[in-house]
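The sequence and structure are shown first, and the description follows.

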Amino acid sequence: MKKSIKKIFAFVVILAMFASCKKDENQVVFEGGNPPTLTADRSGTISISKLTKSQTGVVLTWTNPNYKLNTGSSSQDVNYNVEARIKNTGTYKSIAVVKSAVSISLTQEEINTFVTKAKIEGGLDMATDVVGDIEIRVTAFLGANSSTNATNVSSKAIIFTLDKPYSTDPDLWITGEACTSNWTNTPPTLQKFTYDRPTRTFSINVPLGAAKYYKFLTVSGQWQPQWGIAAGTATPLNTAFTIVENPGGGSDPEAIQAPATAGTYKIVVDLINKKATVTP
(Lines give C-alpha, C1' and ligand atoms only; values in the text may rest on other atoms or scores of the structure.)
Protein backbone atom coordinates (compact mmCIF):
# COMPACT_ATOMS: atom_id res chain seq x y z
CA MET A 1 0.00 0.00 0.00
CA LYS A 2 2.82 2.38 0.94
CA LYS A 3 4.63 1.59 -2.32
CA SER A 4 1.48 2.40 -4.30
CA ILE A 5 1.07 5.76 -2.55
CA LYS A 6 4.73 6.63 -3.24
CA LYS A 7 4.29 5.77 -6.94
CA ILE A 8 1.16 7.92 -7.20
CA PHE A 9 2.90 10.85 -5.46
CA ALA A 10 5.91 10.60 -7.78
CA PHE A 11 3.62 10.54 -10.80
CA VAL A 12 1.79 13.68 -9.61
CA VAL A 13 5.11 15.50 -9.09
CA ILE A 14 6.28 14.57 -12.60
CA LEU A 15 2.99 15.81 -14.08
CA ALA A 16 3.31 19.13 -12.21
CA MET A 17 6.88 19.60 -13.44
CA PHE A 18 5.83 18.83 -17.01
CA ALA A 19 2.94 21.31 -16.82
CA SER A 20 5.29 23.97 -15.45
CA CYS A 21 7.73 23.40 -18.30
CA LYS A 22 4.92 23.60 -20.85
CA LYS A 23 3.71 26.87 -19.25
CA ASP A 24 7.22 28.38 -19.58
CA GLU A 25 7.42 27.21 -23.19
CA ASN A 26 4.11 28.96 -24.01
CA GLN A 27 5.04 32.29 -22.39
CA VAL A 28 4.28 35.25 -24.67
CA VAL A 29 7.35 37.44 -25.25
CA PHE A 30 7.40 40.97 -26.72
CA GLU A 31 9.84 41.13 -29.63
CA GLY A 32 9.59 44.80 -30.59
CA GLY A 33 7.99 47.09 -33.14
CA ASN A 34 8.79 49.71 -35.75
CA PRO A 35 9.01 53.41 -34.76
CA PRO A 36 5.95 55.24 -36.14
CA THR A 37 6.45 57.50 -39.14
CA LEU A 38 5.01 60.92 -38.26
CA THR A 39 3.71 63.37 -40.87
CA ALA A 40 1.81 66.66 -40.68
CA ASP A 41 -0.60 68.57 -42.89
CA ARG A 42 1.81 71.54 -42.91
CA SER A 43 5.45 72.35 -42.36
CA GLY A 44 7.36 75.30 -40.99
CA THR A 45 5.25 77.81 -39.10
CA ILE A 46 2.04 77.35 -37.13
CA SER A 47 0.33 80.71 -36.61
CA ILE A 48 -1.45 81.15 -33.28
CA SER A 49 -3.89 83.91 -32.38
CA LYS A 50 -6.72 84.49 -29.91
CA LEU A 51 -8.83 85.68 -32.84
CA THR A 52 -8.47 82.34 -34.66
CA LYS A 53 -7.94 80.04 -31.66
CA SER A 54 -10.76 77.66 -32.68
CA GLN A 55 -9.17 77.00 -36.07
CA THR A 56 -6.93 74.00 -36.77
CA GLY A 57 -3.31 74.47 -35.81
CA VAL A 58 -1.96 71.21 -37.20
CA VAL A 59 -3.15 67.73 -38.16
CA LEU A 60 -0.72 64.92 -37.28
CA THR A 61 -0.80 61.43 -38.81
CA TRP A 62 1.42 58.42 -38.09
CA THR A 63 1.90 54.76 -38.95
CA ASN A 64 1.16 51.72 -36.79
CA PRO A 65 4.32 50.23 -35.20
CA ASN A 66 3.26 46.66 -36.08
CA TYR A 67 4.23 45.18 -32.74
CA LYS A 68 5.55 41.59 -32.84
CA LEU A 69 5.28 38.86 -30.20
CA ASN A 70 6.92 35.46 -30.23
CA THR A 71 3.47 34.12 -31.09
CA GLY A 72 3.06 36.48 -34.06
CA SER A 73 1.66 39.97 -34.60
CA SER A 74 0.07 41.65 -31.58
CA SER A 75 -3.72 41.86 -31.66
CA GLN A 76 -3.84 44.45 -28.85
CA ASP A 77 -4.97 48.00 -29.55
CA VAL A 78 -1.98 50.33 -29.84
CA ASN A 79 -2.04 53.65 -27.98
CA TYR A 80 -0.07 56.76 -28.86
CA ASN A 81 1.36 59.55 -26.75
CA VAL A 82 1.62 62.82 -28.71
CA GLU A 83 4.56 64.66 -27.11
CA ALA A 84 6.43 67.93 -27.52
CA ARG A 85 9.32 69.91 -26.11
CA ILE A 86 11.01 73.23 -26.78
CA LYS A 87 13.55 72.58 -29.55
CA ASN A 88 16.67 70.82 -28.21
CA THR A 89 15.61 71.52 -24.63
CA GLY A 90 14.52 69.26 -21.77
CA THR A 91 12.23 66.24 -21.81
CA TYR A 92 9.12 65.66 -23.87
CA LYS A 93 5.74 66.48 -22.32
CA SER A 94 2.44 64.85 -23.29
CA ILE A 95 -0.02 66.91 -25.33
CA ALA A 96 -2.56 64.09 -25.66
CA VAL A 97 -2.91 60.31 -25.57
CA VAL A 98 -4.69 58.81 -28.59
CA LYS A 99 -6.20 55.35 -28.25
CA SER A 100 -6.07 53.14 -31.35
CA ALA A 101 -6.45 55.95 -33.94
CA VAL A 102 -3.44 57.08 -36.00
CA SER A 103 -4.12 60.82 -36.30
CA ILE A 104 -5.05 63.86 -34.26
CA SER A 105 -6.17 67.39 -35.12
CA LEU A 106 -5.01 70.09 -32.69
CA THR A 107 -6.58 73.54 -32.62
CA GLN A 108 -4.53 76.69 -32.19
CA GLU A 109 -6.00 77.03 -28.70
CA GLU A 110 -5.02 73.46 -27.71
CA ILE A 111 -1.45 74.04 -28.87
CA ASN A 112 -1.25 77.44 -27.19
CA THR A 113 -2.65 76.15 -23.88
CA PHE A 114 -0.11 73.33 -23.82
CA VAL A 115 3.01 75.31 -24.74
CA THR A 116 2.27 78.24 -22.39
CA LYS A 117 1.20 76.13 -19.42
CA ALA A 118 3.68 75.96 -16.53
CA LYS A 119 6.08 72.99 -16.46
CA ILE A 120 4.74 71.89 -13.07
CA GLU A 121 1.34 71.60 -14.76
CA GLY A 122 2.68 69.51 -17.65
CA GLY A 123 3.31 72.30 -20.16
CA LEU A 124 6.38 73.83 -21.79
CA ASP A 125 6.21 77.26 -20.13
CA MET A 126 7.08 79.01 -23.41
CA ALA A 127 7.42 82.77 -23.57
CA THR A 128 4.38 84.54 -25.02
CA ASP A 129 4.15 87.10 -27.82
CA VAL A 130 7.43 85.89 -29.35
CA VAL A 131 8.32 83.30 -31.98
CA GLY A 132 9.54 79.93 -30.64
CA ASP A 133 10.41 76.47 -31.97
CA ILE A 134 9.06 73.15 -30.69
CA GLU A 135 9.61 69.49 -31.56
CA ILE A 136 6.63 67.13 -31.78
CA ARG A 137 6.87 63.34 -31.83
CA VAL A 138 4.59 60.32 -31.30
CA THR A 139 5.41 57.45 -28.94
CA ALA A 140 3.49 54.19 -29.43
CA PHE A 141 2.90 51.84 -26.50
CA LEU A 142 0.89 48.85 -25.30
CA GLY A 143 -0.82 48.74 -21.91
CA ALA A 144 -0.12 51.49 -19.37
CA ASN A 145 1.48 54.74 -20.49
CA SER A 146 4.81 55.30 -18.72
CA SER A 147 8.35 56.38 -19.49
CA THR A 148 9.60 52.89 -18.60
CA ASN A 149 7.15 50.91 -20.73
CA ALA A 150 9.22 48.32 -22.62
CA THR A 151 6.93 48.61 -25.66
CA ASN A 152 7.60 52.34 -26.18
CA VAL A 153 8.75 53.21 -29.71
CA SER A 154 9.01 56.86 -30.76
CA SER A 155 8.86 58.56 -34.13
CA LYS A 156 11.36 61.09 -35.36
CA ALA A 157 10.36 64.60 -34.27
CA ILE A 158 8.95 67.29 -36.55
CA ILE A 159 10.07 70.86 -35.80
CA PHE A 160 7.50 73.66 -35.94
CA THR A 161 7.88 77.40 -35.43
CA LEU A 162 5.05 78.88 -33.34
CA ASP A 163 4.05 82.45 -34.20
CA LYS A 164 3.11 83.69 -31.61
CA PRO A 165 1.82 81.99 -28.45
CA TYR A 166 -0.45 84.26 -26.44
CA SER A 167 -0.71 84.53 -22.68
CA THR A 168 -3.39 82.52 -20.89
CA ASP A 169 -2.38 83.74 -17.43
CA PRO A 170 -5.29 85.05 -15.36
CA ASP A 171 -5.59 88.82 -14.79
CA LEU A 172 -6.12 90.89 -11.66
CA TRP A 173 -6.47 94.65 -11.16
CA ILE A 174 -6.78 96.90 -8.14
CA THR A 175 -9.33 99.72 -8.14
CA GLY A 176 -10.83 102.15 -5.64
CA GLU A 177 -10.49 105.51 -3.98
CA ALA A 178 -7.15 104.42 -2.50
CA CYS A 179 -5.70 104.22 -6.03
CA THR A 180 -4.71 106.84 -8.56
CA SER A 181 -7.65 105.89 -10.80
CA ASN A 182 -10.32 106.17 -8.09
CA TRP A 183 -13.25 103.74 -8.59
CA THR A 184 -13.35 102.36 -12.14
CA ASN A 185 -13.88 98.93 -13.71
CA THR A 186 -11.22 99.70 -16.33
CA PRO A 187 -8.13 100.36 -14.20
CA PRO A 188 -4.94 101.58 -15.94
CA THR A 189 -2.03 99.24 -16.71
CA LEU A 190 -0.09 100.44 -13.65
CA GLN A 191 -2.85 98.94 -11.48
CA LYS A 192 -2.58 95.48 -13.05
CA PHE A 193 -0.99 92.72 -10.95
CA THR A 194 1.89 90.50 -12.12
CA TYR A 195 1.05 86.80 -12.12
CA ASP A 196 3.60 84.25 -10.85
CA ARG A 197 3.00 80.82 -12.39
CA PRO A 198 4.94 78.63 -9.92
CA THR A 199 3.10 80.01 -6.87
CA ARG A 200 -0.13 80.93 -8.71
CA THR A 201 -0.19 84.27 -6.92
CA PHE A 202 -0.53 87.90 -8.03
CA SER A 203 1.64 90.76 -6.81
CA ILE A 204 1.84 94.52 -7.28
CA ASN A 205 3.67 97.51 -5.81
CA VAL A 206 1.13 100.33 -5.77
CA PRO A 207 0.66 103.72 -4.09
CA LEU A 208 -2.28 103.72 -1.64
CA GLY A 209 -3.99 106.69 -0.02
CA ALA A 210 -4.09 106.72 3.77
CA ALA A 211 -6.97 104.63 5.19
CA LYS A 212 -8.84 104.72 1.86
CA TYR A 213 -10.60 101.76 0.24
CA TYR A 214 -9.99 99.41 -2.71
CA LYS A 215 -11.08 96.10 -4.28
CA PHE A 216 -9.79 93.61 -6.85
CA LEU A 217 -11.23 92.85 -10.31
CA THR A 218 -10.38 89.90 -12.57
CA VAL A 219 -11.99 91.16 -15.80
CA SER A 220 -11.28 94.63 -17.14
CA GLY A 221 -14.49 96.47 -18.05
CA GLN A 222 -16.67 94.51 -15.61
CA TRP A 223 -17.50 95.00 -11.92
CA GLN A 224 -17.82 91.25 -11.38
CA PRO A 225 -16.05 89.01 -10.63
CA GLN A 226 -15.07 91.25 -7.72
CA TRP A 227 -12.93 90.54 -4.67
CA GLY A 228 -12.97 92.25 -1.28
CA ILE A 229 -13.48 91.24 2.35
CA ALA A 230 -16.42 90.06 4.43
CA ALA A 231 -18.28 92.65 6.48
CA GLY A 232 -16.53 93.45 9.77
CA THR A 233 -13.18 92.00 8.64
CA ALA A 234 -10.02 93.92 9.51
CA THR A 235 -7.09 94.33 7.11
CA PRO A 236 -3.98 93.59 9.18
CA LEU A 237 -0.65 94.88 7.88
CA ASN A 238 2.04 92.20 7.19
CA THR A 239 -0.44 89.39 7.89
CA ALA A 240 -2.47 87.32 5.45
CA PHE A 241 -6.16 88.10 5.59
CA THR A 242 -9.12 86.35 3.97
CA ILE A 243 -10.72 87.76 0.83
CA VAL A 244 -14.13 86.86 -0.61
CA GLU A 245 -15.58 86.99 -4.10
CA ASN A 246 -18.77 87.94 -5.86
CA PRO A 247 -18.42 85.97 -9.11
CA GLY A 248 -21.49 87.74 -10.49
CA GLY A 249 -25.15 88.00 -9.65
CA GLY A 250 -24.70 88.14 -5.89
CA SER A 251 -23.85 90.77 -3.31
CA ASP A 252 -20.51 92.53 -3.64
CA PRO A 253 -17.98 92.10 -0.81
CA GLU A 254 -16.88 94.97 1.41
CA ALA A 255 -14.00 97.18 0.26
CA ILE A 256 -10.53 96.64 1.77
CA GLN A 257 -9.10 99.51 3.82
CA ALA A 258 -5.59 100.71 3.04
CA PRO A 259 -3.02 101.26 5.83
CA ALA A 260 -3.30 104.42 7.93
CA THR A 261 -0.14 105.87 6.40
CA ALA A 262 -0.10 106.77 2.70
CA GLY A 263 2.68 105.18 0.66
CA THR A 264 3.67 102.48 -1.80
CA TYR A 265 2.73 98.98 -0.63
CA LYS A 266 3.30 95.49 -1.94
CA ILE A 267 0.07 93.50 -2.23
CA VAL A 268 0.17 89.73 -2.83
CA VAL A 269 -3.09 87.97 -3.68
CA ASP A 270 -3.77 84.22 -3.71
CA LEU A 271 -7.18 83.69 -5.31
CA ILE A 272 -6.96 79.90 -4.92
CA ASN A 273 -6.60 80.01 -1.14
CA LYS A 274 -8.50 83.32 -0.90
CA LYS A 275 -5.75 85.17 0.95
CA ALA A 276 -4.00 88.53 0.55
CA THR A 277 -1.14 90.34 2.29
CA VAL A 278 -0.21 94.04 2.37
CA THR A 279 3.36 95.02 3.29
CA PRO A 280 5.22 98.35 3.24
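## Salt bridges and strand pairing

A search of the whole structure, which is a predicted model, finds eight salt bridges. Three of them are set out below.

| R137 | E83 | 2.8 Å |

The salt bridge between R137 and E83 links distant parts of the chain, since R137 belongs to strand β10 (residues 132-141) and E83 to strand β7 (residues 79-86), 54 residues apart. E83 counts as buried because its relative accessibility is 10%, whereas R137, with a relative accessible area of 21%, is partly exposed.

R200 is partly exposed at a relative accessible area of 33%, and E121 is partly exposed at 34%.

R197 is buried, with a relative accessible area of 14%, and D169 is partly exposed at 25%. D125 joins D169 and R197 in a network of salt bridges.

**Chain and confidence.** The chain contains two helices and 22 strands. Of its 280 residues, 35% count as buried. Among contacts between residues at least 6 apart in sequence, 65% join residues at least 24 apart. The accessible surface comes to about 15,700 Å², and carbon and sulfur atoms account for 53% of this area. The average pLDDT of the chain is 89, and 89% of the residues score at least 70. Over residues 5-24, however, the pLDDT is below 50, and this stretch has zero contacts in the model beyond near neighbours in sequence.

**The five-stranded sheet.** Five strands form an open sheet with antiparallel pairing, in the order β14-β15-β21-β22-β18. β14 (194-196) and β18 (241-242) stand at the edges; each has a single partner strand, so one side of each is left without a neighbour in the sheet. Within this sheet, strand β21 (residues 263-270) and strand β22 (residues 275-279) pair in the antiparallel sense over five bridges. The bridge partner of V268 is T277 in β22.

**Strand β16 and its partners.** Four of the five residues of strand β16 (residues 213-217) are buried, and the strand is mostly covered. β16 pairs with β13 in the antiparallel sense over three bridges, and I174 stands opposite F216 in β16. Two bridges join β16 to strand β20 (residues 256-257), also antiparallel; here the bridge partner of Y213 is Q257. Two bridges likewise join β16 to strand β17 (residues 226-228), again running antiparallel, with L217 opposite Q226.

**A nonpolar surface patch.** Y213 contributes, together with W183 and W223, to a nonpolar patch on the surface, with about 290 Å² of accessible area together. W183 lies in the loop between β13 (173-175) and β14. W183 counts as partly exposed because its relative accessibility is 37%.

Technical notes
Residues are numbered from 1 along each chain as its sequence is written. This is a predicted model: local features need pLDDT of at least 70, side-chain atom pairs count only at pLDDT 80 or more; totals for chains, interfaces and linings use all residues. Side-chain values use heavy atoms; hydrogens and water are left out. pLDDT is the predictor's confidence in each residue, from 0 to 100. Contact means heavy atoms within 4.5 Å. Two strands pair if DSSP finds at least two bridges between them. Patches are made of residues with over 30% relative accessible area and no salt bridge: like charges are joined within 9 Å, nonpolar side chains (Val, Leu, Ile, Met, Phe, Trp, Tyr) within 5 Å. Accessible areas come from the Shrake-Rupley method with a 1.4 Å probe; for residues, only the protein chains shown count as cover. A salt bridge is a side-chain nitrogen of Lys or Arg within 4 Å of a carboxyl oxygen of Asp or Glu. Buried means under 20% relative accessible area, exposed over 50%, partly exposed in between (1.4 Å probe, protein chains only).
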